[in-house]
Amino acid sequence: MSTTSELTHYVAARADRLAARLADVGADAIIVASPANRRYLTGFDGSFGFVVVAASGARLFFTDWRYVEQASQQALGYEVVRLEKNKDLWTPLRGRLGALNVKRLAFEGHLATHSWLQEGKAGLDDVAWVAAPRLVEGLRDVKDEFEIARLREAQVIADAIWSRIVPRVAPGVTERSLAIEMRHQIELMGAENYPGIPIVASGWRAALPHGRATDKVIARGEFVLFDFGAIVDGYHSDMTRMVCVGKPDAKQREVYDIVRGCMEAGIAQMREGVTGQAVDRASRVPIHAAGYGQYEHGFSVGHGLGLEVHEDPFLSDAYTAPLRAGMVVTVEPGIYVPGWSGVRVEDTVLVTPTGGEVLNTSSRELVEV
């Protein structure tokens, strides 16, 4: 786990990179409200606040009375501005922007609601608003050393949890009981859980790509799919593993081996300069070759991992940009046959100049219990 002092250097560098990119969108400053982007830029992990980064070097953090002290301790390098009068943002923001001679203000164009934007334009009628969709996300897709260290730690915990959960899988146990135990173990190891209950899907329910745990009782002869992760300092791990309750039959073994081979084919493509499209396509070829094309994963084969469990880049046929060293992505092909079952295997991979470094240590072998 980190301390605020460890993070200070990194958040300052992130804000500097963002300030340097404001010229690309023709803005003098940007206002950021999304929780993940706010935390990335400041280290603040509270639930309310607005970040302003100006090209001039000014760094402002607006929040209400609940978080003034916390922001002062976490958002080092930022001037913390306390909001008064029912959290009125626009009056103090207008004053600060005027003092900084900000004429054009960028905002998160892909996230801002219509009502918030209209309110802002009314409150700041002397400022031109500039939509800058995914500007911060474009910085977040390549991880710095601090982030990679937290992602590694989160994955170590997830792998440890997996070793504790496997012995508990047996006929008569419910999906929900395994999911609850998984959450309990993650907390005991000092990490945080994802919101909601993990994906634990057995039998026919494994054909549901996001089949969160229910009270279904696990039976002999079934697959059980586990998709889960831990959170360390806001950074997520993500992995998927399969258990067969009993010895797998021929079809179960065939489908599992195909999916595992697809994941390994995708990872084999991974290195700086290769496109996400190439990784995605490599992970689909064996599925189609085996005649399961109609049951393959209909979404991207993987996604970025960081302060959000699903973030840029998304490895799909549409992702034609080259991967960059420092990106951390999942590779998770799957076959989902309605009425029968489903299989997904997922690892997390750090992109390097020479290949993909797999962060998981748990075996990819199909577990039989």
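I began with helix α5 (residues 114–123), which lies across β1, β2, β5 and β6 and runs at about 150° to β6. I kept in mind throughout that this is a predicted model.

Next I traced the sheet itself, which is open, has 6 strands in the order β4-β3-β2-β1-β5-β6, and shows mixed pairing. Its edge strands are β4 (79–82) and β6 (128–131), each of which pairs on one side only. I noted an average twist of 25° from one strand to the next. Strands β1 (residues 29–32) and β2 (residues 50–54) run antiparallel and are joined by 4 bridges, and I found V52 in β2 as the bridge partner of I31. Helix α4 (residues 90–99) also packs on this sheet, touching β1, β2, β3 (59–63), β4, β5 (104–107) and β6, with its direction at about 170° to that of β3.

I then turned to the largest nonpolar core, which has 61 residues, and saw that I31, F62, L93 and W129 touch the most other members. Helix α1 (residues 4–21) gives the most to this core, with 6 residues. Another core, of 33 residues, lies apart from it and includes C244 and M263. For W129, leaving aside neighbours within four places in sequence, I listed contacts that include I31, W90, L105, F107 and W116.

Last, I asked how many disulfides there are, and the count came to 0.

How values were computed. Residues numbered from 1 in each chain as written. Predicted model: local features only at pLDDT ≥ 70, side-chain atom pairs only at ≥ 80, totals over all residues. Heavy atoms only, no water. Disulfide = S-S within 2.5 Å. Core = buried A, V, L, I, M, F, W, Y, C linked by side-chain atoms within 4.5 Å. Buried < 20%, exposed > 50% of the residue type's maximum accessible area, 1.4 Å probe, protein only. Helix = DSSP H or I, 4+ residues; strand = E, 2+ residues; numbered from the N terminus. Contact = heavy atoms within 4.5 Å. Pairing = 2+ DSSP bridges. Axes fitted to C-alpha atoms, helices over the stretch in contact; angles between N-to-C directions.
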